[in-house]
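User: I am new to this structure and would like a short tour. Please take it one question at a time.

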Amino acid sequence: MSANVDVSAHRRAVEFADGVFWVGALDPTLRSFDIILTTANGTTYNSYLVKGSDGVAVIDTVKENFSDEFFARLESEVDYGDIKVIVLNHLEPDHSGALPELMRRAPQARLYISQRATSMLKALLHAEDGLKYTTVKTGDTVSLGDRTLEFLHTPFLHWPDTQCTFLREEGVLFSGDVFGCHYCDKRLFNDLVGDFRFSFDYYYAHIMRPFKRHVLDALKLIEPLQLRQIAPTHGPILRERPRRYVTHYRELSTSALSRGIGDDDQSMIVFYMSSYGNTARMAEAISEGAGDVGGVRVSLYDLQGGETEPFVDLIEEADALLFGSPTINGDAVKPVWDLLSSLAVVNLKGKLGAAFGSYGWSGEAVRMIEDRMRGLKMHIPTPGVRVKLIPTEAELEECRAFGRQIAEALVGKSQKKDVIEFADLA
Ligand code: FEO
(Lines give C-alpha, C1' and ligand atoms only; values in the text may rest on other atoms or scores of the structure.)
Protein backbone atom coordinates (compact mmCIF):
# COMPACT_ATOMS: atom_id res chain seq x y z
CA MET A 1 0.00 0.00 0.00
CA SER A 2 1.50 3.33 -1.01
CA ALA A 3 1.80 6.28 1.33
CA ASN A 4 -0.51 8.17 -1.03
CA VAL A 5 -3.55 6.03 -0.32
CA ASP A 6 -6.61 8.27 -0.12
CA VAL A 7 -9.81 6.31 0.25
CA SER A 8 -11.94 9.44 0.07
CA ALA A 9 -10.87 10.04 -3.53
CA HIS A 10 -13.11 7.23 -4.77
CA ARG A 11 -15.67 4.88 -3.36
CA ARG A 12 -13.90 1.64 -3.98
CA ALA A 13 -13.09 -1.17 -1.59
CA VAL A 14 -9.53 -1.18 -0.25
CA GLU A 15 -7.77 -4.54 -0.04
CA PHE A 16 -5.44 -4.92 2.95
CA ALA A 17 -4.94 -8.69 3.09
CA ASP A 18 -5.51 -11.36 0.46
CA GLY A 19 -9.23 -11.17 -0.33
CA VAL A 20 -9.91 -8.92 2.67
CA PHE A 21 -11.24 -5.42 2.01
CA TRP A 22 -12.22 -2.26 3.89
CA VAL A 23 -15.66 -1.12 2.73
CA GLY A 24 -16.41 1.42 5.46
CA ALA A 25 -17.17 5.13 5.53
CA LEU A 26 -15.39 8.30 6.61
CA ASP A 27 -17.06 10.87 8.87
CA PRO A 28 -14.41 13.61 9.14
CA THR A 29 -16.70 16.39 10.37
CA LEU A 30 -18.15 14.61 13.41
CA ARG A 31 -17.22 16.53 16.60
CA SER A 32 -19.16 14.63 19.25
CA PHE A 33 -19.80 10.90 19.55
CA ASP A 34 -22.44 9.32 21.81
CA ILE A 35 -22.76 12.81 23.38
CA ILE A 36 -19.89 12.13 25.83
CA LEU A 37 -16.86 12.01 23.52
CA THR A 38 -15.33 14.86 21.60
CA THR A 39 -13.97 13.84 18.21
CA ALA A 40 -11.49 16.44 16.98
CA ASN A 41 -10.65 14.26 13.99
CA GLY A 42 -14.10 12.90 13.28
CA THR A 43 -14.38 9.13 13.04
CA THR A 44 -14.70 6.24 10.65
CA TYR A 45 -17.26 3.45 10.51
CA ASN A 46 -15.23 0.48 9.40
CA SER A 47 -16.88 -2.37 7.60
CA TYR A 48 -15.07 -5.30 6.05
CA LEU A 49 -15.45 -7.81 3.28
CA VAL A 50 -13.87 -11.27 3.19
CA LYS A 51 -13.85 -13.31 -0.01
CA GLY A 52 -13.66 -17.09 0.25
CA SER A 53 -13.84 -19.90 -2.29
CA ASP A 54 -17.38 -20.63 -1.14
CA GLY A 55 -18.89 -17.21 -0.60
CA VAL A 56 -18.33 -13.74 0.74
CA ALA A 57 -18.72 -12.38 4.26
CA VAL A 58 -19.51 -8.80 5.27
CA ILE A 59 -18.38 -7.93 8.76
CA ASP A 60 -20.20 -5.02 10.40
CA THR A 61 -21.87 -2.20 8.48
CA VAL A 62 -21.94 1.59 8.95
CA LYS A 63 -24.08 4.35 10.41
CA GLU A 64 -27.29 4.60 8.39
CA ASN A 65 -26.65 7.99 6.79
CA PHE A 66 -23.33 6.68 5.44
CA SER A 67 -25.02 3.78 3.66
CA ASP A 68 -24.45 5.11 0.15
CA GLU A 69 -20.70 5.19 0.66
CA PHE A 70 -20.73 1.69 2.16
CA PHE A 71 -22.83 0.12 -0.60
CA ALA A 72 -20.76 1.82 -3.31
CA ARG A 73 -17.58 0.26 -1.88
CA LEU A 74 -19.28 -3.09 -1.47
CA GLU A 75 -20.54 -3.06 -5.08
CA SER A 76 -17.07 -2.18 -6.33
CA GLU A 77 -15.94 -5.65 -5.31
CA VAL A 78 -18.86 -8.12 -5.10
CA ASP A 79 -22.37 -8.85 -6.28
CA TYR A 80 -24.98 -9.04 -3.53
CA GLY A 81 -25.80 -12.59 -4.63
CA ASP A 82 -22.28 -13.67 -3.58
CA ILE A 83 -22.78 -12.61 0.04
CA LYS A 84 -23.26 -15.73 2.09
CA VAL A 85 -22.45 -14.43 5.56
CA ILE A 86 -23.07 -11.19 7.45
CA VAL A 87 -21.39 -10.82 10.84
CA LEU A 88 -22.47 -8.12 13.23
CA ASN A 89 -19.92 -7.92 16.01
CA HIS A 90 -21.89 -5.14 17.69
CA LEU A 91 -25.38 -3.81 17.07
CA GLU A 92 -24.96 -0.19 18.14
CA PRO A 93 -26.44 1.95 15.33
CA ASP A 94 -23.05 3.21 14.15
CA HIS A 95 -22.39 -0.36 12.96
CA SER A 96 -25.84 -1.74 12.32
CA GLY A 97 -27.33 1.29 10.53
CA ALA A 98 -26.98 -0.20 7.05
CA LEU A 99 -27.85 -3.75 8.14
CA PRO A 100 -31.58 -3.73 7.29
CA GLU A 101 -30.87 -2.52 3.75
CA LEU A 102 -27.99 -4.99 3.35
CA MET A 103 -30.31 -7.84 4.37
CA ARG A 104 -32.85 -6.64 1.83
CA ARG A 105 -30.21 -6.57 -0.90
CA ALA A 106 -28.66 -9.93 0.08
CA PRO A 107 -31.66 -11.94 1.33
CA GLN A 108 -29.80 -15.25 0.97
CA ALA A 109 -27.14 -14.22 3.49
CA ARG A 110 -27.19 -15.62 7.00
CA LEU A 111 -26.52 -13.26 9.86
CA TYR A 112 -24.17 -14.24 12.72
CA ILE A 113 -24.47 -12.42 16.05
CA SER A 114 -23.82 -13.09 19.72
CA GLN A 115 -26.59 -14.55 21.86
CA ARG A 116 -26.99 -11.26 23.71
CA ALA A 117 -27.50 -9.37 20.46
CA THR A 118 -30.77 -11.17 19.75
CA SER A 119 -33.12 -8.75 21.51
CA MET A 120 -31.29 -5.78 20.00
CA LEU A 121 -31.60 -7.28 16.53
CA LYS A 122 -35.35 -7.71 16.89
CA ALA A 123 -35.70 -4.13 18.11
CA LEU A 124 -33.55 -2.91 15.25
CA LEU A 125 -35.37 -4.74 12.48
CA HIS A 126 -38.82 -4.66 14.10
CA ALA A 127 -39.32 -8.21 12.98
CA GLU A 128 -39.98 -11.17 15.27
CA ASP A 129 -40.37 -13.82 12.60
CA GLY A 130 -38.49 -14.76 9.52
CA LEU A 131 -35.11 -13.41 10.62
CA LYS A 132 -32.34 -15.65 9.34
CA TYR A 133 -29.70 -15.47 11.99
CA THR A 134 -27.45 -17.74 14.01
CA THR A 135 -26.10 -16.95 17.46
CA VAL A 136 -22.47 -17.83 18.05
CA LYS A 137 -20.09 -18.11 20.98
CA THR A 138 -16.34 -18.48 21.54
CA GLY A 139 -14.88 -21.18 19.31
CA ASP A 140 -17.79 -21.34 16.87
CA THR A 141 -16.78 -21.00 13.25
CA VAL A 142 -18.29 -20.36 9.86
CA SER A 143 -16.63 -21.51 6.65
CA LEU A 144 -16.27 -19.57 3.44
CA GLY A 145 -14.60 -22.57 1.77
CA ASP A 146 -10.90 -21.76 1.99
CA ARG A 147 -11.52 -19.17 4.70
CA THR A 148 -12.67 -19.66 8.29
CA LEU A 149 -14.21 -17.07 10.54
CA GLU A 150 -13.86 -17.86 14.24
CA PHE A 151 -15.91 -16.05 16.88
CA LEU A 152 -14.74 -14.77 20.26
CA HIS A 153 -17.30 -13.90 22.91
CA THR A 154 -16.18 -10.53 24.31
CA PRO A 155 -19.19 -8.96 26.05
CA PHE A 156 -19.35 -5.35 27.25
CA LEU A 157 -16.79 -4.06 24.80
CA HIS A 158 -18.64 -1.88 24.64
CA TRP A 159 -22.20 -3.21 24.94
CA PRO A 160 -23.37 -6.59 26.29
CA ASP A 161 -23.70 -7.92 22.73
CA THR A 162 -20.14 -7.36 21.55
CA GLN A 163 -17.96 -10.06 20.02
CA CYS A 164 -14.83 -10.28 17.88
CA THR A 165 -14.29 -12.31 14.72
CA PHE A 166 -10.96 -13.80 13.67
CA LEU A 167 -10.06 -14.70 10.11
CA ARG A 168 -7.70 -17.59 10.75
CA GLU A 169 -5.96 -17.87 7.39
CA GLU A 170 -4.97 -14.20 7.24
CA GLY A 171 -4.58 -13.55 10.97
CA VAL A 172 -6.98 -10.60 10.86
CA LEU A 173 -8.96 -9.81 14.00
CA PHE A 174 -12.17 -7.92 13.30
CA SER A 175 -12.37 -6.49 16.76
CA GLY A 176 -15.47 -4.29 16.81
CA ASP A 177 -15.07 -1.29 19.11
CA VAL A 178 -12.06 -2.85 20.85
CA PHE A 179 -8.73 -1.32 19.70
CA GLY A 180 -10.66 1.41 17.93
CA CYS A 181 -10.49 5.16 18.18
CA HIS A 182 -12.35 8.12 16.82
CA TYR A 183 -9.76 9.28 14.36
CA CYS A 184 -10.66 9.87 10.74
CA ASP A 185 -7.76 9.84 8.31
CA LYS A 186 -8.22 8.95 4.67
CA ARG A 187 -4.85 7.18 4.71
CA LEU A 188 -6.60 4.47 6.72
CA PHE A 189 -3.66 2.45 8.15
CA ASN A 190 -1.77 2.95 11.37
CA ASP A 191 1.58 3.21 9.58
CA LEU A 192 0.28 6.00 7.31
CA VAL A 193 -2.11 8.16 9.34
CA GLY A 194 -1.17 10.99 11.69
CA ASP A 195 -0.24 10.48 15.34
CA PHE A 196 -3.43 9.03 16.80
CA ARG A 197 -2.07 7.96 20.21
CA PHE A 198 -4.07 10.59 22.06
CA SER A 199 -7.30 9.50 20.35
CA PHE A 200 -6.56 5.84 21.05
CA ASP A 201 -6.06 6.42 24.79
CA TYR A 202 -8.92 8.93 25.04
CA TYR A 203 -11.26 6.40 23.41
CA TYR A 204 -10.08 3.67 25.78
CA ALA A 205 -10.60 5.93 28.80
CA HIS A 206 -14.19 6.73 27.86
CA ILE A 207 -15.41 3.57 26.14
CA MET A 208 -13.43 0.66 27.58
CA ARG A 209 -12.21 1.78 31.00
CA PRO A 210 -15.53 1.15 32.79
CA PHE A 211 -15.27 -2.46 31.57
CA LYS A 212 -11.62 -3.18 32.43
CA ARG A 213 -12.48 -6.57 33.87
CA HIS A 214 -14.16 -7.55 30.62
CA VAL A 215 -11.21 -6.18 28.62
CA LEU A 216 -8.89 -8.47 30.56
CA ASP A 217 -11.21 -11.42 29.90
CA ALA A 218 -11.19 -10.57 26.18
CA LEU A 219 -7.40 -10.29 26.12
CA LYS A 220 -7.15 -13.87 27.37
CA LEU A 221 -8.86 -14.89 24.12
CA ILE A 222 -7.03 -12.44 21.88
CA GLU A 223 -3.44 -12.77 23.11
CA PRO A 224 -2.96 -16.41 21.98
CA LEU A 225 -4.10 -15.63 18.41
CA GLN A 226 -1.64 -15.67 15.52
CA LEU A 227 -2.38 -12.02 14.94
CA ARG A 228 -1.19 -10.23 11.82
CA GLN A 229 -3.64 -7.28 11.68
CA ILE A 230 -6.36 -5.78 13.84
CA ALA A 231 -9.34 -4.32 12.00
CA PRO A 232 -11.49 -2.34 14.46
CA THR A 233 -14.77 -0.60 13.67
CA HIS A 234 -13.38 2.90 14.27
CA GLY A 235 -10.13 4.53 13.30
CA PRO A 236 -6.99 3.18 11.68
CA ILE A 237 -6.55 -0.45 10.70
CA LEU A 238 -3.67 -1.71 12.84
CA ARG A 239 -1.54 -3.57 10.35
CA GLU A 240 1.88 -2.51 11.65
CA ARG A 241 2.87 -4.12 14.97
CA PRO A 242 -0.70 -4.99 15.98
CA ARG A 243 0.45 -6.81 19.08
CA ARG A 244 1.74 -3.52 20.48
CA TYR A 245 -1.89 -2.41 20.81
CA VAL A 246 -2.83 -5.63 22.57
CA THR A 247 -0.01 -5.06 25.05
CA HIS A 248 -1.08 -1.46 25.51
CA TYR A 249 -4.64 -2.56 26.26
CA ARG A 250 -3.34 -4.88 28.94
CA GLU A 251 -1.33 -2.02 30.44
CA LEU A 252 -4.32 0.32 30.35
CA SER A 253 -6.53 -2.30 31.94
CA THR A 254 -4.13 -3.08 34.73
CA SER A 255 -4.29 -0.92 37.83
CA ALA A 256 -2.66 2.46 37.31
CA LEU A 257 -1.64 2.60 40.94
CA SER A 258 0.52 0.32 42.98
CA ARG A 259 -1.18 -1.04 46.04
CA GLY A 260 2.15 -0.76 47.82
CA ILE A 261 0.87 2.01 50.06
CA GLY A 262 -0.53 0.35 53.14
CA ASP A 263 0.20 -3.07 51.69
CA ASP A 264 -3.01 -5.01 52.10
CA ASP A 265 -4.94 -2.23 53.83
CA GLN A 266 -8.40 -1.38 52.61
CA SER A 267 -8.50 2.10 51.16
CA MET A 268 -11.12 4.62 52.29
CA ILE A 269 -11.25 8.10 50.77
CA VAL A 270 -13.19 10.92 52.40
CA PHE A 271 -14.01 13.83 50.07
CA TYR A 272 -15.67 16.95 51.35
CA MET A 273 -16.55 20.58 50.67
CA SER A 274 -17.30 22.96 53.47
CA SER A 275 -18.74 26.49 53.54
CA TYR A 276 -18.10 27.46 57.17
CA GLY A 277 -15.86 24.62 58.33
CA ASN A 278 -18.70 22.54 59.78
CA THR A 279 -18.69 19.77 57.17
CA ALA A 280 -14.87 19.87 57.36
CA ARG A 281 -15.02 19.15 61.11
CA MET A 282 -17.35 16.26 60.43
CA ALA A 283 -14.96 14.92 57.76
CA GLU A 284 -12.04 15.05 60.16
CA ALA A 285 -13.99 13.29 62.92
CA ILE A 286 -15.21 10.58 60.51
CA SER A 287 -11.63 10.05 59.32
CA GLU A 288 -10.40 9.80 62.93
CA GLY A 289 -13.01 7.20 63.73
CA ALA A 290 -12.28 5.18 60.61
CA GLY A 291 -8.55 5.40 61.30
CA ASP A 292 -9.07 3.64 64.64
CA VAL A 293 -9.98 0.45 62.77
CA GLY A 294 -7.00 -1.70 61.88
CA GLY A 295 -6.49 -2.58 58.23
CA VAL A 296 -8.01 0.61 56.84
CA ARG A 297 -5.97 3.38 55.23
CA VAL A 298 -7.96 6.63 55.34
CA SER A 299 -7.32 9.58 53.00
CA LEU A 300 -8.98 12.96 53.45
CA TYR A 301 -9.41 15.41 50.56
CA ASP A 302 -10.92 18.88 50.47
CA LEU A 303 -12.48 19.26 47.04
CA GLN A 304 -11.88 22.98 47.21
CA GLY A 305 -8.23 22.14 46.75
CA GLY A 306 -8.24 21.55 43.00
CA GLU A 307 -9.32 19.60 39.97
CA THR A 308 -11.28 16.39 40.37
CA GLU A 309 -9.81 14.51 37.41
CA PRO A 310 -6.63 13.41 39.23
CA PHE A 311 -8.82 11.62 41.77
CA VAL A 312 -10.33 9.21 39.27
CA ASP A 313 -7.50 6.65 39.49
CA LEU A 314 -7.57 6.85 43.29
CA ILE A 315 -11.31 6.34 43.31
CA GLU A 316 -11.07 3.33 41.03
CA GLU A 317 -8.62 1.73 43.47
CA ALA A 318 -10.47 2.70 46.65
CA ASP A 319 -12.64 0.28 48.58
CA ALA A 320 -14.84 2.91 50.25
CA LEU A 321 -15.80 6.42 49.22
CA LEU A 322 -17.34 9.01 51.51
CA PHE A 323 -18.67 12.34 50.31
CA GLY A 324 -19.40 15.30 52.56
CA SER A 325 -21.34 18.32 51.39
CA PRO A 326 -23.25 21.15 52.96
CA THR A 327 -26.77 21.69 51.65
CA ILE A 328 -27.08 24.93 49.72
CA ASN A 329 -30.40 25.83 48.10
CA GLY A 330 -31.62 22.29 48.67
CA ASP A 331 -28.70 20.66 46.86
CA ALA A 332 -25.20 19.27 47.32
CA VAL A 333 -22.51 21.67 46.14
CA LYS A 334 -21.15 21.69 42.60
CA PRO A 335 -17.63 20.26 43.20
CA VAL A 336 -19.21 17.19 44.78
CA TRP A 337 -21.55 16.73 41.83
CA ASP A 338 -18.68 17.36 39.42
CA LEU A 339 -16.75 14.50 40.97
CA LEU A 340 -19.74 12.20 41.18
CA SER A 341 -20.71 12.89 37.59
CA SER A 342 -17.19 12.11 36.37
CA LEU A 343 -17.32 8.58 37.75
CA ALA A 344 -19.20 6.99 34.87
CA VAL A 345 -15.78 6.02 33.46
CA VAL A 346 -14.93 3.73 36.38
CA ASN A 347 -16.60 0.65 37.74
CA LEU A 348 -17.79 1.40 41.28
CA LYS A 349 -20.06 -1.61 41.68
CA GLY A 350 -19.79 -3.04 45.17
CA LYS A 351 -17.62 -0.32 46.68
CA LEU A 352 -18.85 0.99 50.00
CA GLY A 353 -20.29 4.48 49.99
CA ALA A 354 -21.45 6.94 52.61
CA ALA A 355 -22.43 10.60 52.81
CA PHE A 356 -22.43 13.28 55.44
CA GLY A 357 -22.83 17.02 55.81
CA SER A 358 -23.81 20.04 57.80
CA TYR A 359 -26.91 21.99 56.87
CA GLY A 360 -28.80 25.14 57.79
CA TRP A 361 -32.47 24.30 57.49
CA SER A 362 -33.26 21.46 55.05
CA GLY A 363 -30.24 19.13 54.57
CA GLU A 364 -31.15 17.27 51.37
CA ALA A 365 -27.54 16.89 50.18
CA VAL A 366 -26.78 13.69 52.09
CA ARG A 367 -29.75 11.75 50.70
CA MET A 368 -29.11 13.07 47.18
CA ILE A 369 -25.48 11.90 47.30
CA GLU A 370 -26.60 8.50 48.57
CA ASP A 371 -29.06 8.20 45.70
CA ARG A 372 -26.29 8.95 43.23
CA MET A 373 -24.04 6.34 44.82
CA ARG A 374 -26.82 3.74 44.62
CA GLY A 375 -27.20 4.66 40.95
CA LEU A 376 -23.52 3.84 40.56
CA LYS A 377 -24.24 0.44 42.14
CA MET A 378 -22.30 1.23 45.29
CA HIS A 379 -23.30 -0.34 48.59
CA ILE A 380 -24.44 2.03 51.34
CA PRO A 381 -23.90 0.10 54.59
CA THR A 382 -25.45 2.73 56.83
CA PRO A 383 -27.46 5.95 56.39
CA GLY A 384 -25.45 9.14 56.28
CA VAL A 385 -24.86 11.61 59.10
CA ARG A 386 -26.38 15.09 59.04
CA VAL A 387 -25.65 17.86 61.52
CA LYS A 388 -27.52 21.11 61.82
CA LEU A 389 -25.00 23.97 61.55
CA ILE A 390 -22.07 23.65 63.98
CA PRO A 391 -21.44 20.11 65.21
CA THR A 392 -21.43 19.71 68.98
CA GLU A 393 -18.88 17.47 70.66
CA ALA A 394 -21.57 14.80 70.93
CA GLU A 395 -22.27 15.07 67.23
CA LEU A 396 -18.57 14.86 66.43
CA GLU A 397 -18.45 11.69 68.50
CA GLU A 398 -21.36 10.44 66.42
CA CYS A 399 -19.26 11.19 63.33
CA ARG A 400 -16.32 9.19 64.76
CA ALA A 401 -18.66 6.27 65.39
CA PHE A 402 -19.98 6.61 61.85
CA GLY A 403 -16.42 6.48 60.46
CA ARG A 404 -15.67 3.42 62.58
CA GLN A 405 -18.84 1.71 61.40
CA ILE A 406 -17.97 2.20 57.73
CA ALA A 407 -14.39 1.06 58.33
CA GLU A 408 -15.56 -2.04 60.17
CA ALA A 409 -17.91 -2.87 57.33
CA LEU A 410 -14.93 -2.50 55.02
CA VAL A 411 -12.75 -5.00 56.84
CA GLY A 412 -15.63 -7.37 57.35
CA LYS A 413 -16.14 -6.85 61.05
CA SER A 414 -19.66 -5.63 60.42
CA GLN A 415 -21.73 -6.64 57.45
CA LYS A 416 -24.94 -5.19 58.83
CA LYS A 417 -27.05 -3.60 56.14
CA ASP A 418 -29.39 -0.87 57.30
CA VAL A 419 -30.43 0.17 53.82
CA ILE A 420 -31.95 -2.01 51.11
CA GLU A 421 -29.90 -1.59 47.94
CA PHE A 422 -31.92 -1.09 44.78
CA ALA A 423 -28.96 -2.48 42.85
CA ASP A 424 -29.24 -5.72 44.80
CA LEU A 425 -32.83 -6.13 43.69
CA ALA A 426 -31.98 -5.92 40.00
FE1 FEO B 1 -18.89 1.97 17.73
FE2 FEO B 1 -20.30 0.85 20.53
O3 FEO B 1 -20.29 1.40 18.76
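Predicted model: local features only at pLDDT ≥ 70, side-chain atom pairs only at ≥ 80, totals over all residues.

User: Which residues lie nearest the centre of the largest pocket, and how much space is in it?

Analyst: The space in the largest pocket comes to about 610 Å³. Its lining counts 22 residues. Nearest the centre are Pro210, Phe211, Ala344, Val346 and Asn347.

User: Which elements give two or more residues to that lining, and what classes does the lining of the largest pocket have?

Analyst: Helix H5 (197-208) and helix H6 (212-222) are the elements that give two or more residues to the lining of the largest pocket. By class, the lining of the largest pocket has eleven nonpolar, seven polar and four charged residues.

User: Where does the second largest pocket lie?

Analyst: The second largest pocket has a volume of about 450 Å³. Of its 18 lining residues, Ala205, Arg209, Glu309, Val312 and Val345 are the closest to its centre. Domain 1 (7-253) and domain 2 (266-425) both contribute to this lining, so the second largest pocket lies between them.

User: Which element gives the most to the lining of the second largest pocket?

Analyst: Three helices each supply at least two residues of this lining: H5, helix H7 (242-253) and helix H9 (311-317). By class, the lining of the second largest pocket has eight nonpolar, four polar and six charged residues. With five residues, the element that gives the most is H5.

User: How many residues of domain 1 are in contact with how many of domain 2?

Analyst: The domain assignment gives domain 1 (7-253) and domain 2 (266-425). Their C-alpha centres lie 42 Å apart. In contact are five residues of domain 1 and seven residues of domain 2.

User: Are helix H10 and helix H11 roughly parallel or roughly antiparallel?

Analyst: The axes of helix H10 (residues 334-341) and helix H11 (residues 365-375) come within 11 Å. They cross at roughly 5°. Angles under 35 degrees count as roughly parallel. Therefore H10 and H11 are roughly parallel.

User: Which residues of H10 and H11 meet, and what is the class make-up of the contact?

Analyst: On the H10 side are Val336, Trp337, Leu340 and Ser341. They meet Met368, Ile369 and Arg372 in H11. By class, the contact of H10 with H11 has five nonpolar, one polar and one charged residues.

User: What is the phi of aspartate 60?

Analyst: Aspartate 60 lies in the loop between strand E8 (55-59) and helix H1 (67-75). Most residues other than glycine have a negative phi. Aspartate 60 has a positive phi, near 65°.

Technical notes
Residues numbered from 1 in each chain as written. Heavy atoms only, no water. Axes fitted to C-alpha atoms, helices over the stretch in contact; angles between N-to-C directions. Helix = DSSP H or I, 4+ residues; strand = E, 2+ residues; numbered from the N terminus. Parallel < 35°, antiparallel > 145°, perpendicular 65-115°, else oblique. Contact = heavy atoms within 4.5 Å. Nonpolar A, V, L, I, M, F, W, Y, C, P; charged D, E, K, R; others polar. 1 Å grid on protein atoms, 1.4 Å probe; cavity = no way out; pocket = protein on both sides within 12 Å on 5 of 7 lines; lining within 4 Å. Points joined across faces, edges and corners; volume = space filled by probe spheres on them. Domains from an automatic or database assignment.
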